[in-house]
Amino acid sequence: MERLEKWMRPVWAKGEIYRETFAMIVQEGECRAPFARLPKKVLRVESYDGRVCYEEGRDYRVEDGFLAVPAGSRICCTGWDHFLYETRQAAQEAAEGRPPLGFGPVEAIDGRYLNLSAVGCPQNVTCWQAAVTYTTQEDWQGEIPQSAEGNLPRFFGKCKKGEPVRIVLYGDSISCGWDCSGMYGQEPRQPAWDRLLLESLQKRCQGPVEWNNTSVGGVDTEWAIANARDRASGYCPDLVILGFGMNDRCRGAEYRDKTMRLMEAIQKDCPDVEFLLIATTLPNELAATDPFWFCAFQQEQEEAVLALQGDRVGVANVQAVQRVLQKRKRYIDLTGNWLNHPNDFLARIQAQVVDAALTGY
């Protein structure tokens with residue numbers, strides 16, 4: 001229970017920030033990484049897997065809003081050349097002997113190529129990330145996620161009365177839980193974010209919660225429409241949480257229309273169903289390149305889903321929280337695969353934002 005409270009303590013709240021992640025990369029001769037909030041007191045600095053606890057002075061310093069690594073530290077640092085290859089040939093040679101991904105080298109917007117070794121093997125990124133628990137008194141520099149109670153009266157009403165509620169989480173690989181460490185049996189074994197959310201809901205809700213996660217990795221909203229009955233409406237849910245968008249490489253207006261079609265497909269069988277739309281996390285901005293477009297127009301989806309918010313439709317705006325974080329943090333601090341999956345820290349924030357939307361009973 002204590003650990004759940006730490007995992008689910010909102011990143012936007014004052015007080016303790018639990019295990020924020022920092023990629024330890026050398027740049028211009030220094031190895032340092034930014035805090036999301038100005039630290040008041042650092043409580044613990046440890047390896048991502050939690051196996052090593054570091055000492056201030058010997059292993060790290062805190063200076064000007066950064067975690068800095070001095071010479072002789074036990075914290076492992078690397079350079080950007082570990083994450084970006086200079087040539088396509090170098091990227092191809094690095095991929096030799098690895099299981100095929102189904103797509104070739106991904107060129108970055110600066111002409112280099114992404115190191116894809118962490119796709120399906122997140123420790124190749126997270127081994128370079130430190131986890132820092134600290135306190136802060138700095139105000140959150142953005143909107144604070146709010147409850148969707150006013151948009152979801154039937155769901156909240158049943159929860160308050162102690163009636164059973166049936167929820168379907170229907171999304172892509174991020175909703176499956178990739179790249180939470182627990183999905184790979186790796187330390188610190190953080191459960192998939194939806195399990196954290198469910199445990200939080202069960203703790204608060206007065207009645208039983210039936211949870212069905214029907215998410216599938218690598219799919220988009222068109223696929224979701226075609227499979228809406230088997231994956232959503234066939235469960236006769238009270239609430240459907242939609243977590244698509246990462247694989248939709250269309251403009252915001254088209255994404256809005258596709259999401260409307262998806263909701264309509266589910267409503268055909270379940271006219272009383274309510275929806276919570278997740279504005280997806282953002283991918284690696286360096287991957288905005290032809291032909292794969294892993295980073296396309298996901299940044300337009302925040303506005304698209306907010307336009308659909310209203311009667312029986314709420315929004316969990318994860319993207320807005322990530323934008324605030326990335327005013328200081330870098331994508332490499334938040335990712336589990338250096339392409340489009342969150343690490344434990346960002347996945348936990350997804351759970352916090354969705355939890356905030358479903359708070360109010």
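Analyst: Happy to! Let's begin with a sheet: five strands form an open sheet in the order E5-E6-E3-E2-E7, with mixed pairing. Strand E5 (61-63) and E7 stand at the edges with a single partner strand each, so one side of each has no neighbour in the sheet. Strands (E, at least two residues) and helices (H or I, at least four) are DSSP runs numbered from the N terminus, and two strands pair if DSSP finds at least two bridges between them.

Before we go on, this is a predicted model: local features need pLDDT of at least 70, side-chain atom pairs count only at pLDDT 80 or more, and totals for chains, interfaces and linings use all residues. Residues are numbered from 1 along each chain as its sequence is written, and side-chain values use heavy atoms, leaving out hydrogens and water.

User: In which sense do E3 and E6 pair?

Analyst: Strands of a sheet pair through backbone hydrogen bonds, either parallel or antiparallel. Here E3 and E6 are antiparallel, joined over three bridges, and Arg32 stands opposite Ala68 in E6.

User: How many disulfides does the search of the whole structure find?

Analyst: A disulfide is a pair of cysteine sulfur atoms within 2.5 Å. The search finds one: Cys31 is joined to Cys77, with 2.3 Å from S to S. The pair links distant parts of the chain, 46 residues apart, with Cys31 in strand E3 (residues 30-34) and Cys77 in the loop between strand E6 (66-68) and strand E7 (78-79). The torsion about their S-S bond is about -95 degrees, so this disulfide is left-handed.

User: Is Cys31 buried or exposed?

Analyst: Buried means under 20% relative accessible area, exposed over 50%, and partly exposed in between (1.4 Å probe, protein chains only). Cys31 has 7% relative accessibility, so Cys31 counts as buried, while Cys77 has 27% and counts as partly exposed.

User: Which way do the residues of strand E13 point?

Analyst: In a regular strand the side chains alternate between the two faces of the sheet. In E13 (residues 239-243), five of five residues are buried. Leu239, Ile241 and Gly243 point one way, and Val240 and Leu242 the other. E13 runs parallel to strand E11 (residues 165-171), with five bridges between them, and Val168 stands opposite Val240. Four bridges also join E13 to E14 in parallel, where Leu277 is the bridge partner of Leu242.

User: Which residues of helix H11 are buried?

Analyst: They are Val318, Gln319, Val321, Gln322, Val324 and Leu325, which makes six of the eight residues of H11 (residues 318-325).

User: What does Glu302 form a salt bridge with?

Analyst: Side chains of opposite charge can pair when their charged atoms come close. A salt bridge is a side-chain nitrogen of Lys or Arg within 4 Å of a carboxyl oxygen of Asp or Glu. Glu302 pairs with Arg323, the closest N and O atoms being 2.8 Å apart. This links helix H10 to helix H11, the two residues being 21 residues apart in the chain. Glu302 is buried at 18% relative accessible area, whereas Arg323 is partly exposed at 31%. The structure holds 29 salt bridges.
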